[in-house]
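Here is a quick tour of one model, with a look at its charged pairs, a helix, some paired strands and a surface patch. Have the structure open as you read.

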Amino acid sequence: MKLLPLNLSALMTFSLLACARETVHDAAQVARKLVENSRNSVGSMATVFPSDDPRSPGEDPETFLEAPVPNSPGAMPFSLPEYYASCHQNGSLTLLFLPISRHSRNILQSEGQTASISITSPIPAAARPRVALIGNVTVFKNSANVPDLSRVRHCYLSKHPDATQWLPDDDEAAHIAYWARFDPHTVYFVGGFGDEHYIGYIPVQLYQAAWANTLESGAAPDIRQQVLMVSEG
């Protein structure tokens, strides 16, 4: 039997790549940090038009007026950037809910008041992480029912100081608004390239605990930076 020569360089490369592979636990930490440390705390919210909504988007290129769509195939998706603030240790997000908003109307008419919020890296790229959070929105029409209201208000305004112009319970605000909480029940993560980074669902319990683990251990290890260092090394 002829023995093939051992290629140490190839073996070392394989070992480094094996070490660089993100686990679902790594992905949970990266996802939480991505949401927590977002430069402007703005995500892409997606909702769905009710299939029987008379104000579904029309197809008149001359006027761009909202109008019923003839023979509509059913509910259609809708997406726009949305402010959020990460004010809860379990990963829930604080929102300002404006009834005038198209997203708000879609959420109120959906079963379970559902929506999704996607957050990407500051400079989106195929090799950079992004996460989609799918969950339910709880609207507090009475601010007295908002748990720890003063902390939530301070947290939100620290991310979005311009929001003082449309805060709840302000008679001079530009629009009626309510505090709301977005509770993710499903987390989908794309870490980058599948040969090195995790791609798939993250158990919500793992996602919720990720930030708590970070707080207990001090500063979270920069997992993604470790991966990049190994890949480039």
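Is D148 buried or partly exposed? D148 is partly exposed, because its relative accessible area is 44%, and the label covers whatever lies between buried (under 20%) and exposed (over 50%), using a 1.4 Å probe and protein chains only.

A word on the ground rules. This is a predicted model, in which local features need pLDDT of at least 70 and side-chain atom pairs count only at pLDDT 80 or more, while totals for chains, interfaces and linings use all residues. Residues are numbered from 1 along each chain as its sequence is written, and side-chain values use heavy atoms, leaving out hydrogens and water.

**Salt bridges**

Searching the whole structure turns up three salt bridges, each being a side-chain nitrogen of Lys or Arg within 4 Å of a carboxyl oxygen of Asp or Glu.

| Pair | N to O distance |
|---|---|
| E36 and R32 | 3.1 Å |
| R151 and D148 | 2.7 Å |
| R181 and D183 | 2.9 Å |

The E36 and R32 pair is tucked away: E36 is buried at 12%, and R32 is buried at 1%.

**Helix α2**

E36 and R32 both sit in helix α2, four residues apart, or about one turn. Helices here are DSSP runs of H or I with at least four residues, strands are E runs of at least two, and both are numbered from the N terminus. The helix takes in residues 24–36, 13 residues in total, and reaches 18 Å from first C-alpha to last, close to the 18 Å expected at 1.5 Å a residue; that expected span is 1.5 Å times one less than the number of residues. Its buried residues include A27, V30, L34 and V35.

**Strands**

Strand β5 (residues 130–140) runs antiparallel to β4 (residues 114–120), and seven bridges join them; strands count as paired if DSSP finds at least two bridges between them. In that pairing, I119 stands opposite V131 in β5. Strand β5 is also joined to β6 (residues 178–190) by 11 bridges, again antiparallel. There T138 faces R181 in β6, the arginine that bridges to D183.

**A surface patch**

Finally, Y188, I199 and Y201 make up a nonpolar surface patch with about 300 Å² of accessible area together. I199 belongs to strand β7 (residues 199–202) and is partly exposed, with a relative accessible area of 37%.

Definitions and conventions:
Patch = residues over 30% accessible without salt bridge, like charges linked within 9 Å, V, L, I, M, F, W, Y side chains within 5 Å. Areas by Shrake-Rupley, 256 points an atom, 1.4 Å probe, with all protein chains shown as cover.
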